[in-house]
Amino acid sequence: MRLHAATPDAWATTVMADMNTFLLDHASAERKASATALSLLSHFPDRTELVAAMIALAQEELLHFAQVYELLSERRLILRTDERDRYVRALRALGRPQQPECLLDRLLIAGIIEARGCERFGLLAAALPPGDLKTFYLDITRSEARHAGLFVRLARCYYPAPEVSARQEELLAKESDIMLSCPLRARVH
C-alpha cells in the first residue's frame, strides 16, 4: 500500500526527544489493534477467511503489546488511560456504515492505519542507535507491513479488485490530508 504523503522528518526527532511518551502510546496502539481484530471477527463471524486471519492478528498484536509493556516496565513506566486518537477517529469517520460497503471500508481503513504505522516505525528504527530497541522497531516495521497487506488481501476476498483499488485510493487521498493536519507529537499517529 502506497501512502500519498510521507510523515514529516521532524516526527522522528519529536519521538526521540520523548521516547517514554511514545512507548506509552505505542502500547496503547498495540492493545487497540488487538481489540480491532477481535471486533472484526465478532461482527463478521460468517466470513471464515476473515475470522481465521483476525484470530492470528489479535494474538500477534497482543504479543506486541506485551513486548512494549516489557519495555515500559524496564523504564518503570506505568500504563495510563487510553487517549482518543484524533488520526484514527478521523479515518474511521470516513467508513460507510451500511453493508456491503461497511466491511470493505473497515478492512481498508485498518490496512491504512497499519501502513502508516509501518512507515513511522521504520522512520523510528532508522533514527535509533544500534541496539535492542532498534532491532525491535525493525521487527515491528516488518509486522506492520504484513498487516497492511493482510487487510487488502482480505478486502479482495470479499469484493472485486477494481472496487477495492478505487476505494483504497479514495481513502489514501483523504488519509494524507488527515495525517498532515495532525500536530507532530511523540505518538504513533
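Biologist: Which helices supply at least two residues each to the lining of the largest pocket?

Modeller: In this predicted model, they are α2, α3 (48–74), α4 (86–92), α5 and α6 (132–158). The largest share comes from α2, with 8 residues.

Biologist: What makes a residue part of that lining, and which residues lie nearest the centre?

Modeller: A lining residue has an atom within 4 Å of a point of the pocket. The largest pocket is lined by 26 residues, and A29, K32, V88, R92 and I113 lie nearest its centre. Its volume is about 430 Å³.

Biologist: How does the lining divide into nonpolar, polar and charged residues?

Modeller: There are 9 nonpolar, 5 polar and 12 charged residues in the lining of the largest pocket.

Biologist: Let's turn to a helix pair. Why are α2 and α5 called roughly antiparallel?

Modeller: Good one! Helix α2 (residues 19–43) and helix α5 (residues 101–127) pack at an angle of about 155°. Angles over 145 degrees count as roughly antiparallel, so α2 and α5 are roughly antiparallel to each other. Their axes are 12 Å apart, and the crossing of the two is left-handed.

Biologist: How do you know which residues make the contact between α2 and α5?

Modeller: Contact means heavy atoms within 4.5 Å. On α2, the contact is made by M19, F22, H26, E30, A33, S39, L40 and H43. On α5, L103, R106, L107, E114, F121 and L124 take part.

Biologist: And what kinds of residues are these?

Modeller: The contact of α2 with α5 has 8 nonpolar, 3 polar and 3 charged residues.

How values were computed
Residues numbered from 1 in each chain as written. Predicted model: local features only at pLDDT ≥ 70, side-chain atom pairs only at ≥ 80, totals over all residues. Heavy atoms only, no water. Axes fitted to C-alpha atoms, helices over the stretch in contact; angles between N-to-C directions. Helix = DSSP H or I, 4+ residues; strand = E, 2+ residues; numbered from the N terminus. Parallel < 35°, antiparallel > 145°, perpendicular 65-115°, else oblique. Left-handed = near helix turned anticlockwise from the far one by under 90°. Nonpolar A, V, L, I, M, F, W, Y, C, P; charged D, E, K, R; others polar. 1 Å grid on protein atoms, 1.4 Å probe; cavity = no way out; pocket = protein on both sides within 12 Å on 5 of 7 lines; lining within 4 Å. Points joined across faces, edges and corners; volume = space filled by probe spheres on them.
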